[in-house]
Structures are given as C-alpha cells and as structure tokens.
Protein chains: 2
Amino acid sequence: MPRPTHYVTQISMCDAQCTVRSGPEQEECDDKMSNDPLVVFTPSGKRGRFPVGTPILTAARQLGVDLDSVCGGRGICSKCQITPSYGEFSKHGVTVREDALSEWNSVEQRYDEKRGLAKGRRLGCQATVQGDVVIDVPPESQVHKQVVRKRAEAREIVLDPSTKLFYVEVNEPDMHDPSGDLERLRSALESQWDLTDVTADLHILQTMQPILRKGDWKVTVAVHLGDRENRPRIMNIWPGYYEGTVYGLAVDLGSTTIAAHLCDLQTGEVLASSGVMNPQIRFGEDLMSRVSYSMMNAKGAEEMTRAVREGMCGLFTQIATEAEIDKALIVDAVFVCNPVMHHLLLGIDPFELGQAPFALATNGALRLRGDDLDLNIHPSARIYLLPCIAGHVGADAAAVALSEAPDKSNELVLVVDVGTNAEILLGNREKVLACSSPTGPAFEGAQISSGQRAAPGAIERVEIDPATKEPRFKVIGSDLWSDEDGFAEMIATTGVTGICGSGIIEMVAEMRIHGIVDAPGLIGSPEQTGSNHCFQDGRTYSYLLYDGSADGGPKITITNRDIREIQMAKAALYSGARLLMDKFGVDSVDRVVLAGAFGAHISTKHAMVLGMIPDAPLDKVTSAGNAAGTGARIALLNTAARAEIEATVQAIHKIETAIEPRFQEHFVNASAIPNAVEPFPILRSLVTLPEETFNTGTTDTSCGGRRRRRRA
Amino acid sequence: MPRPTHYVTQISMCDAQCTVRSGPEQEECDDKMSNDPLVVFTPSGKRGRFPVGTPILTAARQLGVDLDSVCGGRGICSKCQITPSYGEFSKHGVTVREDALSEWNSVEQRYDEKRGLAKGRRLGCQATVQGDVVIDVPPESQVHKQVVRKRAEAREIVLDPSTKLFYVEVNEPDMHDPSGDLERLRSALESQWDLTDVTADLHILQTMQPILRKGDWKVTVAVHLGDRENRPRIMNIWPGYYEGTVYGLAVDLGSTTIAAHLCDLQTGEVLASSGVMNPQIRFGEDLMSRVSYSMMNAKGAEEMTRAVREGMCGLFTQIATEAEIDKALIVDAVFVCNPVMHHLLLGIDPFELGQAPFALATNGALRLRGDDLDLNIHPSARIYLLPCIAGHVGADAAAVALSEAPDKSNELVLVVDVGTNAEILLGNREKVLACSSPTGPAFEGAQISSGQRAAPGAIERVEIDPATKEPRFKVIGSDLWSDEDGFAEMIATTGVTGICGSGIIEMVAEMRIHGIVDAPGLIGSPEQTGSNHCFQDGRTYSYLLYDGSADGGPKITITNRDIREIQMAKAALYSGARLLMDKFGVDSVDRVVLAGAFGAHISTKHAMVLGMIPDAPLDKVTSAGNAAGTGARIALLNTAARAEIEATVQAIHKIETAIEPRFQEHFVNASAIPNAVEPFPILRSLVTLPEETFNTGTTDTSCGGRRRRRRA
C-alpha cells in the first residue's frame, strides 16, 4: 500500500515540494516553475504541481484542500473519495488525459467489491498523480462540510465539531524502552495526526489496554480537540478501524419543555429531535413561581435541579432509543436556557435572580463534564453552556444571537424571542443591544379567559368580515374556516375548546381593525361597534366569538380584561424594543426576526396592528423558528462559534429595562393599539384603523401602572 | 486604613519608584541616586529606597522580598509581621533611628489587643518607612518558608503549595453593567492579586452567592493556582477574612499499608500521620497474587479498586478526626505507589503488569479530581499521581528519586528502596539509572521458617560471641540483650515469637562472620562450626537460636532453606545494583542510601557482610526512612517539584533486569556470601570472613536457577 508513512512531515515540507496557487491567472507561473503535473482541486480552486506518484490525498493536504480522512491514507475509511474530471478545462487551462491518475489498485478494487465505490469516484489516498488533473472534492468528502440550513438570511453552519475520529497504528510495548500504552498512543496521534498534548479520560485508561491488543495495536480513537480550558482528550477507543461515529446533543432547556437534537458529529446531520415537558412544571408553571418555591422550601432548589436533570436523562434515553444509538457515544452536549433554568440545571439556587439587582452566579460560558450534571451520556462528555447576557437575558438569548447573528447584519435587525419573557436584540455590524421584557404568559393563551395552549381544538386564526362584522376562525387540527362546509365534521373529535396565543393576537387585531376595540383597548357596545357579538359583561363589554353551549361546548368570549392582558404583554414587548431603538439612536429598524415557536405561528400583519413590534415592511418581518435551539446546534457543530458567541456576548450592550426611566413611558404609550404616539406609517398604508374611542368616562383605560416582572 | 488599593500597579511601577540593589557594595550608588530612606531586608539582603510613608509590605513586594499576606495589606491577616532592627549596621552601612518606622497605628493596636503582637514585631502593611531601616522577615512571615527536614544530605523543601488563600473585596452587582458574581470575584482576584484566568468549581458556583453577601462582598478564597492541565481554580470560599487554612495529603499507597501525612498547606507542617492496612491484603499478600486474583475473577480488579479506595477513605476520616479538621478542606493530595497499586487505585486492571513486556497503561504523571477516585475529601480536590518510571518501577520509586535526588548529587549514589520488590536508582548529576529487582518477601520475615513481621516479640538484632560462639539477641519491645539481667521480665508479656527481617539479616551475617555458614550458604555441622547450636535437620544442618519450648514457647531455628531464601533475596538486590553499576561503567559507588521502613532498621555492617549492597565505607551507607512518603510530601508542598520529577523520570535510564543477560550472572555470583567474585575490600578491612566451606558433596549449593519475579 503506497501510503505516506509520515505525511505530517510531508506537509511541513510542502513549500519545498509544490507550488501552491489559486486561480487560472497563476497558471503561467505554475507552468514555468516545474515540469511536475498540475493538480487543480474544485470547488476550492486550489492548485499545485506534484511529482508523479503523489497520492491525491497527500496533494490535498499539502494545498490545504479540505479532504476528509479518518484512517490517515491507509485505504480503510473511504472518507477521502474524490471525482477526477477528464478532458479540456479552459477555465483552469488544463487538459486532463484518461491516464492522468494511476490505475485502480487492489485497495480500491477490494473496497469497491466490499462496499461499492460510486461511478467515477476514486479513493484519494490510493489514486496517484500521473499527469495534469482536475479533482472534484464532493461535499461528503469534506471535513468542514456545510450543514444544510434553509433560511437564506441565517448564518451558515460549517461543520467543525469538538470531537473527531482518528485511526492510528500504535507502537507495541518494548521492555528496552518502557513507556505506558497511553504514551505510545499519544505519540502515534502526534506523529500520524499532528495532535499534540493529548490526554485521556480515566475511563479510557481503564479500558484501553485490552482494546489496543484486540486491535493488534491499530485503533480508532475519538479525540475531543480541546478548548480554552481543556487539553485535547481521548474520549473513546475502538479496536481496529471503527465504522461508526460519535454524537452530540443540542439541548434547549426551556421552562416548559426540554427539546434536544441528536447530531452525528461526523456529518452534522440531525438524527433525531425530541422533547419532553420540563418536570419542574410541578414546582410552578412560570419561572418566578419556581424561584419562589426555592425561597419557601429549604431543599427546593435541589429538588428542582434533580427534577430537571432527571427529565433530561429521560429525554436523552428517549432520543437515543429513537435513533438506535448507544448513549455512551454522546460525547458532546451544548445547553441553552434562560438564567433561572441555567442556575437550576447547575444546582445553583436562583434566589438572586428573583430580586434586583438580578445577579447571576456566573454569566460566562461554562465547560463541564457530563457527570458534573449527573447526565446519562458519556461519563465525561464535554458539556458547554453558552454565556448568559444578563440576569434576565440568558444563554438562550445568546444562542438566538448566534443563530440570527445581528452582529453580522448590514441591516439594522430587531430579533425578538417571544415567550413569557421576551428577549430582545437590536443591532447590526456596528453594535448590538439586548434587553428582556416581562411579557407574561398572555401570548401563550394563559391569563386569557378562554385561553389555552396551542393544541387541537384551539382557535388559532380569526377573521372578521368587514361588511357583516361576523367573525370566522380556524381551529388547530382543521384546515377549514369555521364558516366553510364540512367544518363541523372536521372538528367533531376535538371540538372548539379555547383560543391559543396566535388566535388571541389575530382576534384582538381584527377587533381593532373592524372597530370593535378602540385604540385605548375598550370593547364597544353593540351600538358603538355595530356587532351583536358585543355584550355587556359587568362594567365593560365582552365579545362572543363562538358559542358551543348548544352542543355542551364552551362559550368562547373575549373580555375587556383579556384585551388588557394582551395590551400589557404587547406593550412590554414593544417598549423593550423601543428602548433599544432609543439607545441605538434610531426610530425604525430595517427588519424584524421573530424567534421562538410562537413567532412561527403569528400573523405579522396582526402583530403589527397590535403594535407588538415596530413598524416595518411586512416582508421584512420573518420567523426564525426555534432560533435558540438552532444556536445550540451551531455551537455543537462548529466549535469556533463558541469563542465567537462568547466574544459577541461580551460586546453586547446590556440594557436593564427595570431601571430605564423611558421604559415606563414607552410602556404607557404602547398599551394603546397600536400605539398612542408612534405613527406606524407603513402599517397605516396597509390597514385603515378606526379612530373612534368608546370611553364613556366610566372605565379605566390605563394599564400602565400594573407592571409585573414575569419570566418563562 | 492606609492600604495601597492597587499595589499590583505599584509593583509594575517599581522601577520608577525605587532603587533595587543587593549587598552593601551597592550602597554608595543607593545613596547617590535618591534622598529617600533606604530599606534593607534581612535575611535576603534585598534593599531599596522608598518615599517616606511607604508601607513595609509595599516595599517588600516591590523588591521581591518574600513577605506573606493573605489580606493584601488590609491589616487583617497579620501574616506580614516583620521585626525592625535599630542602631548601627556597619554591614549594611545604615544607622537606624528609633523613629525609622511610623508609630503604631490603630490597626496594630487593635490587633495587639485582640491577638497579641510579639515584642518588637510590627505589621508590615501598617508600619511605614520614615527613615533608613533594617527589616527582618521572620521565617513564619515568609510565603516560601523552608519546611524543616533533619537530614543534611536530603533536598530542602521550600513551601510552594498548589493552593493558597486570598482575601478580596468584590464589586457589588450593578444593573447598569450586569455581570455574574463569579466574574466580579475573578476581576477582584485579578486586580487585587494579579491572578488571571481563574475559574471555579461547580460547587463554588453553587455556594458562592450567599457567602459573598454574608461577607458583605469581602471574602477569602482558596485558589488552586493551576498546573499544566488546569487553569487556576477557586476551591473554597468563606465570608470575610478566613482565619483557618486548607490541607493537603501525601499518601504512600503500599501493597501492605497505606500511610498518609496530613499537611497544613499554609505552613507546610505535618499535622497528623496515620496508616492503615491495605484492605486488598484479603485478595493476596503480595502483588502478584493480586494480579492473579484479577485474572481469575471477572470483577476482581474492580473489587480490589473498591477495597483500596474504601480503605483510603477510612484512613482519611481517621487522620482528619485525629487532627480535628474538616475533610472537605483537604484540597490537594499526592499519591505514590508501585505500578500494580497505581493501576488498582485508578481502576485499571493490572493484567498487563503480570506478564512481559509489563506494559503500564500510562507512565505519565496524572492530575485528577477527588471524585474521579471516589475519595471522601474536597469533591474536586486536585489529585496528583507521580509518574511511574517503568512497568516494575513505580511512582513510589519516582518519589524516592524526588526525595533523595540522585540527579542532584555530586557523588555517585545508590538508592535502594528495600521491599518485597526492590527499586534501585544509581546516579549523579550526570545521569540516573533505575531498575527493580524481585527480592521477594524474605527481608520482611516471610518465607523464613521462624520468620514474622516486625512486631513486639520479634528478634530484631543478633550477635554471636566470637569466643564462645554463643548467640544473644534483642527483641522488639525490649532494650536488653537476651543474656542481660532482667531480659526475661522485660519480655514476659510479649515472649519471643519469631525473627523479623532485620533480625534474620543480622543472624545470617553473624553466622557467616563466625564460621557457622560458609560463603556458598551452607550451615556447617557442630563439628565444622564448633557450635552446638547447629544440628542435623534432614539432609542439611539448622541452627537453633532460641528454645522457648520449656515455657511453651517456640523453638526459633535458622534452617538451611532460610539461608537460601535470604541468599536469593539479597542476590536479587545486589545483582540489580551491580547491573546498574555495569551500565554506568563503574565498579563502586560513593554512597548508598537505604530507603523504606526496613532500611531504617537494618545494620549496615551486616547488610554488607551479606553482600546485599555494594562495598562502601560504612559511614557512607545511610538510611532515608520512608523516602517515598517524603517524596509525596515534597510534591504536595512544592508544586514546582512536580514538573521537576516529571522531567527527572523522563530522563532516567530504565533498565529491565528480566532481559539483561548479565543479571543472571550477577545473581549467581551474588548468591554467595558476600559474593563469589566481588572482592569487597572495604568490608574485608573491617571484618575477617572465614574461608572454609562445608560442602560435603551431598547438597546443592546453587540457587541461581530458582529465580522468580515477585513484587510488593
């Protein structure tokens, strides 16, 4: 097997052996400097001249072309597959003859028989240069593959995982020169892979000796490549060439749900995604009630820590079972979460987060081991927690910043992660500001009289007919509007059970558009509104959306108190954003990104009618889905992104809304629908909002004084 | 309180502020360069000029004088006590007036009232320079105190522990500039103590917040200062100024006993020393039987690992109870042990150590955490295992090398750690060689017909009268010889129960000196020897040392088989040493150090008569006591020694006796008493050894063929 025994040395000798150039403009120079064949790699365009007989893998390494190999060029792993191109390439100034590469050799033949080599493919470590040649490196043969991500505006994910596989041949022990098996394994990694200063976990020391002998001193090791706190470290070891892979978890630890993506660290592929309810819910639905629980109960924080860790272990078992993998092969995990969950996960009492000045125990990124957190994955799996931005702006917001990268945007972008506490980022390449705002759970359907979670039977969309003022709606689980034929059959099993967050937003916005709610937030009388869905309900009016009482179902009404809840929630959201705009010195933003599962379901037009978000062209308001989860996945798959987000978070300007005098003023203004002072010109060019008010002097239209700090 | 708020900055400005000189020859220069008062520190001799009003602590820091402080000059810790001297100092060229230092201030007064300041002492952080002054830094005020060690030839121990205490004042949290409590604590450590990149254990994060608040943002932290694998790390935190200390353990994990010294890491003092039997003894007395146990029993190695860790935890509880300290304050521990114990402690199956090529899982030093080894001390106590030298030459031998420092010796020194496996080091500044030799347990009284462990009742010394050839002996527990008056009363409670290792060595040597045993190792007949203590015992003769049968006690006899056991043991020891001498290219050594508890008890003259050790002047043969334990203590108290011994071990030339052809030849020669070929001229100038042999042709006098590999 014509493998370079010490290609590392060859790489360091690269300058002496080959001429490295990029692009055809260098061609003449290439030609003049040597008579060796020219090798051009695509898509990189890297090119150089190499002596006849040089393996393509060697040429790639010398040129710094990204061509994978786990076995180090021994013809075992097949990761270095390449596709030679033949014929005339005027672009590259090269003519490639049929015999530009060596004939198939026995290694390729054997590999093809055993596993099949796709037509046109060669093994880069076996095929050697015989004449000028153009070599295409297919995406799957690249180490730093790009991980597929659909959204054009979001950052690319280039695979660069913490842990990689390396096949090595280790010297046997020698009584004349005694050294430990680990030390010989380390020197093999150094001489064969240029990996220096590698250490090993204790459990590797405990299992390594029989594995080395079983593999006849040939083993595959998974090496965590190290980070700012840790040296490179052997995580797993297998006898011979290991066909498998190692895994990582991107975990979004929310107050309500814990969601995880299981990723293949060699391909970046998401193999399974799964979620469970956060078992802490039994200690309190929202975060502040959990903080209270820890204050009221001596061992409360400990109990909650145990609960969330157990929940996580359950999730990991579930996801590993689904993907049919061994949990012990999960060697890396990235966690994102809000500050309270962050502390509870770590076993830190969140007491201080419940009161000003909301001091975090630590805001920095954390690098831990799986057993530090009692996780049931690889015992010394490397755990990475993204940094927190501030006492109310957690690692989840940092993950959103990583995913949505406002710091890399030329446009001024407002990123809003809508939850029971909204995290808000505003920025561009110049600077990024962040704050959180206590929206409360109204956007999730909580504290709304007919509200419910988004689940089958929940009203999720609402329209009011401009002419008849009759409402119609859609229910989760049905594609039909409530006034369409077959709707009743469609919802026969679920019924109409309530109204969820996106439904209530559309409902209130439609009521505002059609003159049923006025700008200050009062529901009018049937006379004022011209809708007999309005009815007197104590001192105010309510709106009957759906009456299922004939069939034993609920009456779904919107009370004036519901309107107040939505007003407060959206005012909190808007005034946070507006405060950041003040601090940035702008009155408008170029685009708005709605993150969070909720953001994916709301109608941007209706959100803007409500005045939840600043006035912007509707096509500039996009949904990022679970951006925090995506951020976790980026940090998992691309280790460089970890240092990057740590620097970004450090540079973010943190604004504490609680101590900003203007926040209160913005909040009062923003409690009007859409806003008492902001003009919203783009919105008003699209929608005409009635100007009349229903205030008869008997009801209180202000809700600015009822501010709470709530989080979830 | 006149404390320098940022003395670190002052240090960096030092060159501009003061004139740093050493020794009186610089005096003229000092005088010329400034009119500021001159401060001379003793014993360092460091001197410099400082503006009036400079605290002595500040002057000391600027000059690099070793003056301790935990509170950073706040007048709290009293660690910086100094003694000013007054009058004429011609040596220093200084006259010190009575007002050379500032008056006692209120801080000193208060301190004196509360705790008492010894006469003549001042607090270095309070007393300020007013005129030329000579300041003595007493040993207890030095950070790098010298730890008392009695033996002149052994290396000094300069205190430089892994973990030190620092008092800091931390900024309070600020909503305008949110940061974690840990981050503010870190910046306090950086600005007040110049400690950078400090991290914290998870349990610190879990407990830190209430402690910071309880201490009103003043805390004392114990910081592990980091090592080649770890960043500096906060290990403990206390509110306010912490009066206590933190502790370290130096553990000598032997096959038979586990011994530990508990040390105060601030003073270097040994607070308690204790030992327990190694609970692994139930799996086999010697190491090879433990290796066999692990081979024969599927979970054998695991069982033994659990046993030794439990035994260790028991010992730690015992030693902490004895010293009345909290085990959780034990933040550092250094372990030394032979390779089999090393592997069993770590949970590595010692299988490979039981067969050629005796491959260690790892020979490097290890840095672990307490919980990696299930220890019951500080959960993340830093654990340091010294490197192993080779498959038979463990971390215990490395510790002996650290303690006895052959690599720092001008003389060629042979260091022998006598146990059931002897580790042998030979070297000087030029180079050091190491090997191990399987002496077996005969030197511990095992495999000797009347042998026993060294315990009350055991014969430990023997003399034979040259004229009468009558033996007399001493027994452990009695100061009298057996022929002295009162001996019977003295031993009434213990009786005479057997003969221990040092006893059997003296016995055999005395028998050789007085013509009862010949050079090949045969006991002669009463006729041949002229001693009626010899008697026919099967095919050979035995020697009756003591007959207690009249009182129901034992008959203590030395059989010819006992002589054979001692011959084999001593031949193994000598031939290992001789092999190293060959490799070094010498025929003699300058001095011999006997390490190990056993080494402390044997008579050097008798050892040399036996030919255990090479011929050398008797005053050049010294005992080092438990040098392995001392080495552990050095590595515990002086962290620089860790890197040093790692480099030393790397440089040691390892000799594997099993594959050295000359070893066998040396062994055969060395089975004669003292040796068949070596002349031993120094010995023979002191003692005349009879030349007659007792071989009648009927017995086998060779024992060279019966070589075993045994270890303990």
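1. In this predicted model, the loop that joins helix 17 (604-610) to strand 31 (621-625) of chain B contains Ala616(B). Ala616(B) counts as partly exposed because 19 other C-beta atoms lie within 10 Å, whereas a buried residue needs 20 or more.

2. The surroundings of Ala616(B) include residues from elsewhere in the chain. Beyond its neighbours within four places in sequence, Ala616(B) makes contact with Val589(B), Arg591(B), Val592(B), Val621(B) and Ile682(B). Asp590(B) is 26 residues from Ala616(B) along the chain, and 7.0 Å separate the C-alpha atoms of the two.

3. The largest nonpolar core comprises 367 residues, and Val416(A) and Val416(B) have the most contacts inside it. When residues up to four places away in sequence are left out, Val416(A) touches Ala422(A), Ile424(A), Leu573(A), Ala577(A), Val592(A), Leu594(A), Ala595(A) and Ile613(A). In soluble globular proteins, nonpolar side chains tend to be buried together.

4. Chain A is assigned five domains: domain 1 (7-142), domain 2 (147-239), domain 3 (248-385), domain 4 (400-440 + 565-686) and domain 5 (442-560).

5. The centres of domain 2 and domain 3 of chain A, taken over C-alpha atoms, are 28 Å apart. Their contact draws on 16 residues of domain 2 of chain A and eleven residues of domain 3 of chain A. On the domain 2 side, strand 11 (163-169), strand 13 (218-224) and strand 14 (233-239) of chain A are the elements that each contribute two or more residues. That side of domain 2 of chain A consists of seven nonpolar, six polar and three charged residues.

Terms used
Residues are numbered from 1 along each chain as its sequence is written. Chains are lettered from A and ligands numbered from 1 in the order in which they are written. This is a predicted model: local features need pLDDT of at least 70, side-chain atom pairs count only at pLDDT 80 or more; totals for chains, interfaces and linings use all residues. A nonpolar core is a set of buried Ala, Val, Leu, Ile, Met, Phe, Trp, Tyr and Cys residues joined through C-beta atoms within 7 Å. A residue is buried if 20 or more other C-beta atoms lie within 10 Å of its own, exposed if 12 or fewer, and partly exposed in between; C-beta atoms are placed from the backbone. Two residues are in contact if their C-beta atoms, placed from the backbone, lie within 7 Å. Helices (H or I, at least four residues) and strands (E, at least two) are DSSP runs, numbered from the N terminus. Domain bounds come from an automatic or database domain assignment. Ala, Val, Leu, Ile, Met, Phe, Trp, Tyr, Cys and Pro count as nonpolar, Asp, Glu, Lys and Arg as charged, and the others, Gly among them, as polar.
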